[in-house]
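Here are my notes for you, written as numbered points. Keep the structure open beside them and look up each residue as you go.

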Amino acid sequence: MIPNAADDARGFADLGLRPELLRALAGLGYEEPTPIQREAIPPLLAGRDLLGQAATGTGKTAAFALPLLERLAAAGAVGAGAIEAGAAPRALVLVPTRELAIQVSEAVHRYGRDLGARVLPIYGGQPIGRQLRALERGVDVVVATPGRALDHLGRGTLDLSRLAAVVLDEADEMLDMGFAEDIEAILGETPADRQTVLFSATMPPRIEGIARRHLRDPVRIRIGGREAAPGVAPRIRESAYLVARPYKPAALGRILDVEAPAAALVFCRTREEVDALTESLNGRGYRAEALHGGMSQEQRDRVMGRLRSGVADLLVATDVAARGLDVEHLSHVVNYNVPSAPEAYVHRIGRVGRAGREGVAITLAEPREHRMLKTIERATGRRIPVEKVPTVADLRARRLELTRAALEEILLEGDLEGYRVVVETLADEFDVMEVALAAVKLAHEAAGGVADEEEIPQVELRPERDGRERRGPRARRAERPGDRRRPRSRGEGMTRLFVGAGRSAHIRPQDLVGAIAGETGLSGRDIGAIEIADRFSLVEVPEDAANEVITALRNTTIKGRRVNVRRERF
Ligand code: AMP
């Protein structure tokens with residue numbers, strides 16, 4: 001039972017979204033709602049407040065953005081043609097970092113394009129003038145970091161009096177970054193009858209406190225809260241790799257090179273991703289086939305035939321397209337992204353390890369998605385070890401091993417007499433060992449064994465904290481972000497980095513925390529004391545993540561400028 005193209009964005013229509021939104025979703029290649037979307041969209045459309053425990057990777061952005069747009073459209077309040085065009089924004093989304101501000105506003109823009117929704121991200125580090133002009137022209141949805149939103153409120157350039165909805169996204173991260181008071185101040189400027197949505201990966205008491213004060217009888221949703229049904233653990237070797245998004249195709253190629261699967265099913269989120277990844281894998285010499293809901297029955301049958309007959313060895317598919325597929329000889333399941341709920345993970349990996357054979361399940365996670373991995377571990381009761389992406393050296397060793405094994409096979413097969421004359425004539429001039437080495441080189445190169453590979457940066461997974469109140473010397477970040485009274489002592493296992501910009505460049509602690517949390521696998525609560533001097537800043541980060549932070553900060557901008565970052569010298 002494979003759905004066909006007529007089922008575009010199946011399930012979203014049942015949730016009560018208008019055609020403009022359904023078209024946008026189909027255009028993005030979304031085939032069905034994720035669990036959190038299924039649960040959150042109906043009550044949000046009904047105007048309820050919502051308290052959601054969900055991490056990045058669950059599809060929570062669309063879970064709040066779609067009903068938001070639907071409600072604004074129903075009220076005739078989006079787009080340049082809206083009643084009172086140019087008036088104050090109708091929705092505000094608060095997020096912890098500028099990266100998230102950009103990401104969320106891009107998502108809202110994409111979903112609301114056919115509605116003409118005007119979305120503006122506002123965050124520190126971007127010239128304020130551009131934001132002012134856009135606000136003057138009129139926007140429907142503002143996506144802001146709390147600090148910059150407060151700046152605008154102070155200047156009187158952001159009018160929150162007409163908000164119909166406020167979303168607090170990644171609320172625990174915002175608290176960790178010291179935005180508690182800013183959030184309270186911002187909410188104080190919004191109408192009492194607004195709809196309020198709060199998403200947080202963890203639910204420490206302080207988040208519950210905010211929810212009690214600012215949400216009215218909220219619907220509560222939790223993704224991954226339930227334990228998976230107990231059963232016989234399948235014989236599956238599970239592992240995960242943390243990879244930054246730009247390196248994912250290369251990382252997957254390399255992992256597959258090392259794993260050498262007999263037949264693998266690779267899950268992607270959207271049709272676009274399926275097509276792009278299939279092309280990239282074919283470019284790397286794999287025989288990959290795409291399967292998604294946008295294909296005709298005939299195309300699908302052809303793909304399945306190629307997989308069954310062994311002409312193809314990788315099937316790249318969306319969940320919807322893979323449902324009901326029966327592929328006998330699968331050795332590997334690959335999650336190209338962390339699945340949107342533990343149930344989806346369990347369901348996907350259950351496709352290998354059947355009939356007593358050991359199967360392999362591999363999950364690629366972007367640094368921001370590491371919490372979702374933990375949620376899956378808790379739900380399944382099994383640890384998913386995070387492995388290092390094979391390095392160029394690992395790959396070389398593996399390819400040499402393959403060449404060695406191929407030669408061994410030929411030696412065992414025998415029937416080599418026809419080549420004796422070549423070795424004998426060369427042996428007059430060269431040592432036999434040298435002749436053998438040259439032959440190995442020739443065979444290795446002919447098998448494509450010497451690709452020039454770029455290194456893929458390793459991302460370390462931070463040890464999970466419990467998300468409750470923060471302890472010890474770092475707890476003071478819960479105070480105002482502008483607070484410069486940072487202790488000078490160094491925390492255990494922490495190292496201090498020198499960042500070549502300070503007060504004179506208007507750097508504030510939250511800019512540094514935002515840049516680090518946005519660019520690395522660290523979260524706000526992993527970052528230690530921060531000192532801001534006139535011309536430089538010092539920031540404590542865990543020693544084992546120092547190199548990652550240095551590389552990431554050197555490759556980004558803070559407050560619009562590139563900065564020098566290094567370990568502090570004594
Ligand atoms: P989020 O958890 O909101 O950060 O979303 C994670 C990723 O899932 C984003 O890249 C979204 O574009 C994608 N996504 C969200 N909802 C769906 C869906 N229903 N189908 C496919 N992809 C989705």
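This is a predicted model: local features need pLDDT of at least 70, side-chain atom pairs count only at pLDDT 80 or more; totals for chains, interfaces and linings use all residues.

1. Let's start in the sheet: in which sense do β5 and strand β6 pair, and over how many bridges? They pair in the parallel sense, over four bridges. Strand β6 covers residues 195-200.

2. Seven strands make up an open sheet, and the order to trace is β3-β4-β2-β5-β6-β1-β7, with parallel pairing. The edges are β3 (119-122) and β7 (219-222), since each of these pairs on one side only. From one strand to the next, the twist averages 15 degrees. As a bit of background, strands of a sheet pair through backbone hydrogen bonds, and they can do so either parallel or antiparallel.

3. Next, have a look at β2 and its partners. β2 pairs with β4 in the parallel sense over four bridges, and four bridges also join β2 to β5, again running parallel. On the β4 side, Leu94 has Ala144 as its bridge partner.

4. Helix α9 (residues 205-214) lies across β1 (50-53), β5, β6 and β7. Relative to β6, α9 runs at about 175 degrees.

5. On to the ligand. Which of the 14 residues around the ligand come nearest? They are Tyr30, Gln37, Gly57, Gly59 and Thr61. Some polar distances are worth checking yourself. A polar backbone atom of Thr58 is 3.1 Å from an oxygen atom of the ligand, and a backbone N or O atom of Gly59 is 2.8 Å from a ligand oxygen. With Thr61 the side chain takes part: one of its N or O atoms lies 2.6 Å from an oxygen atom of the ligand. On its own the ligand has 500 Å² of accessible area, and the protein covers 85% of that.

6. Glu170 has a phi near 50 degrees, which is positive even though the residue is not glycine. You'll find Glu170 in the loop between β5 (165-168) and α7 (171-176). Ala260 is also not a glycine, and its phi is positive too, at about 45 degrees. Ala260 sits in the loop between α10 (248-259) and β9 (264-267). Are these residues buried or partly exposed? Glu170 counts as buried because its relative accessibility is 9%, under the 20% cut-off. Ala260 has a relative accessible area of 46%, so it is partly exposed.

7. Another glutamate to visit is Glu289, in strand β10 (residues 288-291). Glu289 has 15% relative accessibility, so it counts as buried. What does the side chain of Glu289 make a polar contact with? The partner is the side chain of Arg306, at 2.5 Å. Leaving out residues up to four places away in sequence, Glu289 touches several others, including Thr278, Val303 and Leu314. Val266 is 23 residues from Glu289 in sequence, and their C-alpha atoms are 10.0 Å apart in space.

8. Last, the whole protein. It has 570 residues, 54% of which count as buried. Its secondary structure comes to 20 helices and 18 strands. Among contacts with a separation of 6 or more, 77% come from residues 24 or more positions apart. The accessible surface is about 25500 Å², and 51% of that belongs to carbon and sulfur atoms.

Note on methods
Residues are numbered from 1 along each chain as its sequence is written. Side-chain values use heavy atoms; hydrogens and water are left out. Helices (H or I, at least four residues) and strands (E, at least two) are DSSP runs, numbered from the N terminus. Buried means under 20% relative accessible area, exposed over 50%, partly exposed in between (1.4 Å probe, protein chains only). Two strands pair if DSSP finds at least two bridges between them. Axes are lines fitted to C-alpha atoms, for helices over the stretch in contact, and angles run from 0 to 180 degrees between N-to-C directions. Contact means heavy atoms within 4.5 Å. A residue is near a molecule or strand if one of its heavy atoms lies within 4 Å of it. A polar contact is a pair of N or O atoms within 3.5 Å; within protein, one must be able to donate a hydrogen and the other to accept it, and residues adjacent in sequence count only if both atoms are side-chain atoms. Accessible areas come from the Shrake-Rupley method with a 1.4 Å probe; for residues, only the protein chains shown count as cover.
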